[in-house]
Amino acid sequence: MRPWFPLGSLPPLLLVASLSFPLGHFCPAVCSCLDYHTVDCRDQGLPSVPNPFPLDVRKLLIADNHIRAIPADFFIFYGDLVYLDFSHNAIVSLEEGTFSSSGKLVFLDLSHNNLTQLAAGAFRSAARLIKLSLGNNRLLEVDEAAFESLEQLQVLELNNNSLQTLTVAALDALPNLRSLRLEGNPWLCDCDFASLFSWLQENQSKLQKESRKSHSALQSQVPMADQAVEHCPFSSTVLLQPCKVLRLDRTLVDA
């Protein structure tokens, strides 16, 4: 079995030697390297990210393991990654700067993990990202600047988390957004939610309507918050309508 070294701590001689071999030379013993650009490490019971991978890996499938963290220096070594699937793991947080060298990344799947919050600039430098899957985590909080720099993002999935609120500022940072999943969250009907509902109504035309065909709308009751409706910068009619019955699927469905 090949020796395993944490990312960022490869012995200098091994690191130098790796640069002298063809880029696709290395492949973790537990993974399948289908070609120099595709590595499949799915369902191997891995507790952490194995290495080394081919330095020019473009597509990494590492779902269905027990990984708790993405190494902070991961993209320093594998900056050519375009497609990354970390779904169905046990990731609890994203270290600051993890995606700082991910300028080529287009697809990122972090669904079915244990994330509880997204900090400001969590995906900074992933400016080419088109699809970001964060469904089925334990998200309680999304910073209003969590998606800054993701101007190319078209698909955002935040479904089946523990979100009670989501600031409109977080969505305003995504001018090319076409598909948004918000169902399966315990939304609290307060002024912030009224703001979100209003944003969804205003952006119906640009959100994909055909996504309704493949996913039935989820109907849920949204509890009223213990604050007076009249204090919100919206009329009581605007606020009460979504509070009665809300249907949030990949796109807004009128209640």
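In what order do the eight strands of the open sheet lie? Before I answer, a word on the source: this is a predicted model, in which local features need pLDDT of at least 70 and side-chain atom pairs count only at pLDDT 80 or more, while totals for chains, interfaces and linings use all residues. Residues are numbered from 1 along each chain as its sequence is written, and side-chain values use heavy atoms, with hydrogens and water left out.

The order is 1-2-3-4-5-7-9-10, and the pairing is mixed. Strands here are DSSP runs of E with at least two residues, helices are runs of H or I with at least four, and both are numbered from the N terminus. Two strands pair if DSSP finds at least two bridges between them. At the edges are strand 1 (32-35) and strand 10 (179-181), each of which pairs on one side only.

Let me turn to individual pairs. Strand 1 is joined to strand 2 by a hairpin through two residues. These two strands pair in the antiparallel sense over three bridges, strand 2 covering residues 38-40. Within this pair, Cys 33 stands opposite Val 39. By contrast, strand 5 (residues 107-109) and strand 7 (residues 131-133) run parallel, and three bridges join them. Here Asp 109 faces Ser 133 of strand 7.

Next, two asparagines in loops. Asn 185 is found between strand 10 and helix 4. Is Asn 185 buried or exposed? Asn 185 counts as buried because its relative accessibility is 8%; buried means under 20% relative accessible area, exposed over 50%, and partly exposed in between, with a 1.4 Å probe and protein chains only. A polar atom of the Asn 185 side chain lies 3.1 Å from the backbone nitrogen of Leu 163.

Asn 203 belongs to the loop between helix 4 (191-202) and helix 5 (211-214). Asn 203, at 13% relative accessibility, also counts as buried. Its C-alpha atom is separated by 9.6 Å from that of Leu 177, 26 residues apart along the chain.

Finally, the largest pocket: its volume is about 240 Å³. A pocket is an open set of points on a 1 Å grid over the protein atoms alone, where a 1.4 Å probe fits, with protein on both sides within 12 Å along at least five of seven lines; lining residues have an atom within 4 Å of a point. Of the 18 lining residues, Leu 94, Glu 95, Glu 96, Ala 119 and Ala 122 are the closest to the centre of the pocket.

Methods. Points joined across faces, edges and corners; volume = space filled by probe spheres on them. Polar contact = N/O pair within 3.5 Å; in protein donor to acceptor, adjacent residues only side chain to side chain.
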